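Biologist: I'm new to this one and would like to learn how to read it. Could you walk me through a few features?

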Amino acid sequence: MAYKYGHKTIRLGRGWTDNDGVQHSAQWGSWSDEQKTAAGLVWEADPAPYDNRFFWDADTPKNINDVNEVDADGNPILDENGDQLVTLGLKSVWKNITKERAGNLLSPTDWQVVKAAEVADYSVPTEIAQWRQSVRTASNTIETAIDNAADHAAFLALHDTPVDSDGNPTGNAPINDWPAEL
């Protein structure tokens with residue numbers, strides 16, 4: 001929150017000069033609202049808070065689906081290879097995040113899978129194999145839920161943690177419903 005004079009932010013406790021060259025003292029903060037308005041000062045509230053993962057600004061949600069970029073005439077905007085530019089929508093972004101999370105969960109046990117493939121008398125322990133399968137299943141379930149989100153509100157709901165009547169969490173948000181790490 002700040003006072004503005006044109007595009008310039010006027011700080012409390014500091015003097016300022018208007019467009020006519022009139023210097024105003026650092027005491028301007030004690031002026032009445034009418035005096036501030038008469039001097040050309042305008043109160044500008046901070047923008048409404050928003051989650052920049054899902055919104056461009058407080059009033060503009062990001063697209064959930066990918067967007068083929070076009071110019072003002074509707075012609076495709078091409079990259080240096082001649083391919084149309086595509087802005088990834090929330091679904092694509094979060095499916096990529098989900099795949100990365102699954103990969104990060106699986107990577108500490110990858111060596112056991114490699115060893116089992118290379119050493120004839122070694123097999124991945126059952127507990128590890130079952131856990132790895134549960135990670136892959138969770139990833140597939142999350143990606144399906146993302147694909148099935150019909151609109152922005154449904155997509156946002158995937159990030160809501162379920163709660164009981166007292167507001168206590170009862171599980172994980174669908175977008176983050178992974179098995180416990182080993």
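Modeller: E143, for instance, is found in helix α4. Keep in mind that this is a predicted model, where local features need pLDDT of at least 70, side-chain atom pairs count only at pLDDT 80 or more, and totals for chains, interfaces and linings use all residues. Residues are numbered from 1 along each chain as its sequence is written, and side-chain values use heavy atoms, with hydrogens and water left out.

Biologist: Is E143 buried or exposed?

Modeller: Buried means under 20% relative accessible area, exposed over 50%, and partly exposed in between (1.4 Å probe, protein chains only). E143 has a relative accessible area of 11%, so E143 is buried. Other buried residues of α4 include I128, W131 and V135.

Biologist: What does E143 touch, not counting residues up to four places away in sequence?

Modeller: Contact means heavy atoms within 4.5 Å. On that basis E143 touches K95, T98 and K99. As for the buried residues of α4 as a group, their cover includes α2 (90-106), α3 (110-118) and α5 (152-157).

Biologist: How do α2 and α4 cross?

Modeller: Axes are lines fitted to C-alpha atoms, for helices over the stretch in contact, and angles run from 0 to 180 degrees between N-to-C directions. Here the axes of α2 and α4 come within 10 Å and cross at roughly 175°. Angles under 35 degrees count as roughly parallel, over 145 as roughly antiparallel, 65 to 115 as roughly perpendicular and the rest as oblique. So α2 is roughly antiparallel to α4. Residues making the contact include W94, K95 and T98 of α2, along with W131, S139 and E143 of α4.

Biologist: Let's turn to strands. Which strands does β1 pair with?

Modeller: Two strands pair if DSSP finds at least two bridges between them. β1 (residues 2-5) pairs with β5 (residues 42-44) in the antiparallel sense over three bridges. Three bridges also join β1 to β2 (residues 8-10), again antiparallel. Look at K4: its bridge partner in β5 is V42, while in β2 the partner of K4 is T9. β1 and β2 form a hairpin with two residues between them, and G6 in the turn has a positive phi of about 65°.

Biologist: And which residues of β1 lie on each side?

Modeller: In a regular strand the side chains alternate between the two faces of the sheet. In β1, A2 and K4 are on one side and Y3 and Y5 on the other; all are buried, and both faces are covered.

Definitions and conventions: Helix = DSSP H or I, 4+ residues; strand = E, 2+ residues; numbered from the N terminus.
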